[in-house]
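Reader: Please walk me through this model, one feature at a time.

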Amino acid sequence: MLTKVVDLRSDTVTKPSEAMRAAMAAADVDDDVLGSDPTAHRFETEMARMMGKEAALFVPSGTMANLVSVLVHCDTRGSEVILGDNSHIHIYENGGMSTIGGVHPRTVHNNPDGTMDIDKIVAAIRHPNGGLCYPTTRLICLENTHGNYGGKCLSVEYTDKVGEVAKTHGLKLHIDGARIFNASVALGVPVDRLVRAADSVSVCLSKGLGAPVGSVIVGSKDFIEKAKILRKTLGGGMRQVGVLCAAAHVGVRDTVGKLADDHRRAKVLADGLEKIKQLTVDLTSVETNMVYFDITDPLISPGKLCQVLEQRNVLAMAVSSKSVRLVTHYQISDRDVQHALTCIEEAVEEILSGNAKSEHLTNGLTANSYGN
């Protein structure tokens with residue numbers, strides 16, 4: 001009898017592995033605000049090398065990683081950033097670039113594959129002679145993989161084209177690479193090549209890589225030196241942070257090689273969901289570790305389905321009035337996937353039969369409650 005909770009809400013829900021806990025306990029630490037923590041230094045050096053950039057900086061969260069990056073590039077109030085209208089930075093990060101940095105977002109329509117049309121990006125760039133009336137364009141932001149479009153991957157060819165646009169117009173390119181290693185694995189492109197065109201990249205360590213806390217920013221040495229100051233300004237300077245970097249190192253070392261299995265299991269989930277008459281899945285949209293499915297029967301709401309699933313120890317996330325999201329991660333097994341599919345089918349039948357009990361959801365989620 002399977003009694004564990006199969007948590008498919010997000011890949012942020014993983015618990016530290018035994019190897020991570022051991023590394024944290026044994027970490028050689030010092031004061032990182034003073035630049036003295038050896039474990040943090042080694043980890044940042046390794047991440048910079050992996051990403052093909054000069055330097056790296058550990059920060060507490062992905063939101064801070066993106067905010068610091070935007071503010072380094074847009075160091076003058078009244079700067080403008082071109083980014084997708086459905087991007088994580090624009091929707092889920094509290095408008096930090098505006099409220100804290102005085103930076104204006106200029107949105108371009110995101111296509112279903114997560115891209116923005118190149119010609120629309122170019123059209124959004126402010127004319128250099130318009131400074132009297134308009135903000136000054138300084139930065140373009142991409143998101144890879146794109147969370148709101150089911151973990152779609154931006155190709156290296158597309159990223160290079162956007163990089164050329166940025167370079168031609170004297171702009172910088174930042175990639176919100178919260179799940180960039182998922183993209184690298186799915187595309188079969190080394191991660192350093194995938195982000196070569198970018199001036200900065202944020203990488204979340206607590207999503208697909210399974211670390212308990214943190215993100216890392218990579219870029220030039222000059223960029224990272226400025227980022228350190230902003231990290232301190234925003235309250236992100238931490239002392240013996242090597243404890244967290246040690247766990248992150250284990251995540252990068254041990255989990256990148258498991259991402260392909262996460263992607264395979266997501267496809268198995270999608271295939272199984274498509275066989276349930278009341279649900280529909282775009283199978284071609286499942287490229288990495290996310291599965292979005294729509295409910296076609298008006299008698300079943302996403303919230304109700306998630307509620308009944310929770311009673312069976314399966315956690316899912318309702319993301320709209322008709323859609324539910326499932327996310328695989330390294331602590332989801334093949335058996336868990338099959339169990340989840342069985343429970344979803346049973347939950348659908350229970351709701352339609354009128355036998356479903358109404359109980360308060362304990363997982364703390366409402367529809368589209370946060371962009372993990």
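Author: β12 and strand β13 (residues 323-327) run antiparallel and share 2 bridges. Strands pair if DSSP finds at least two bridges between them. In β13, Val324 is the bridge partner of Ala318. This is a predicted model: local features need pLDDT of at least 70, side-chain atom pairs count only at pLDDT 80 or more, and totals for chains, interfaces and linings use all residues. Residues are numbered from 1 along each chain as its sequence is written, and side-chain values use heavy atoms, without hydrogens and water.

Reader: Which strand order does the open sheet of 4 strands have?

Author: The order is β9-β10-β13-β12, with antiparallel pairing. β9 (279-280) and β12 (317-318) are the edge strands, each pairing on one side only.

Reader: How many helices and strands are in the protein chain?

Author: Helices (H or I, at least four residues) and strands (E, at least two) are DSSP runs, numbered from the N terminus. The protein chain has 14 helices and 13 strands. Its radius of gyration is 21 Å, close to the 21 Å from the globule rule for 372 residues, so the chain is as compact as a globular protein of that length. That radius is taken over C-alpha atoms; the rule is 2.2 Å times the number of residues to the power 0.38.

Reader: What share of the 372 residues is buried?

Author: Buried means under 20% relative accessible area (1.4 Å probe, protein chains only). Here buried residues make up 55% of the 372.

Reader: And contacts?

Author: Contact means heavy atoms within 4.5 Å. Among contacts between residues at least 6 apart in sequence, 75% join residues at least 24 apart.

Terms used. Buried means under 20% relative accessible area, exposed over 50%, partly exposed in between (1.4 Å probe, protein chains only).
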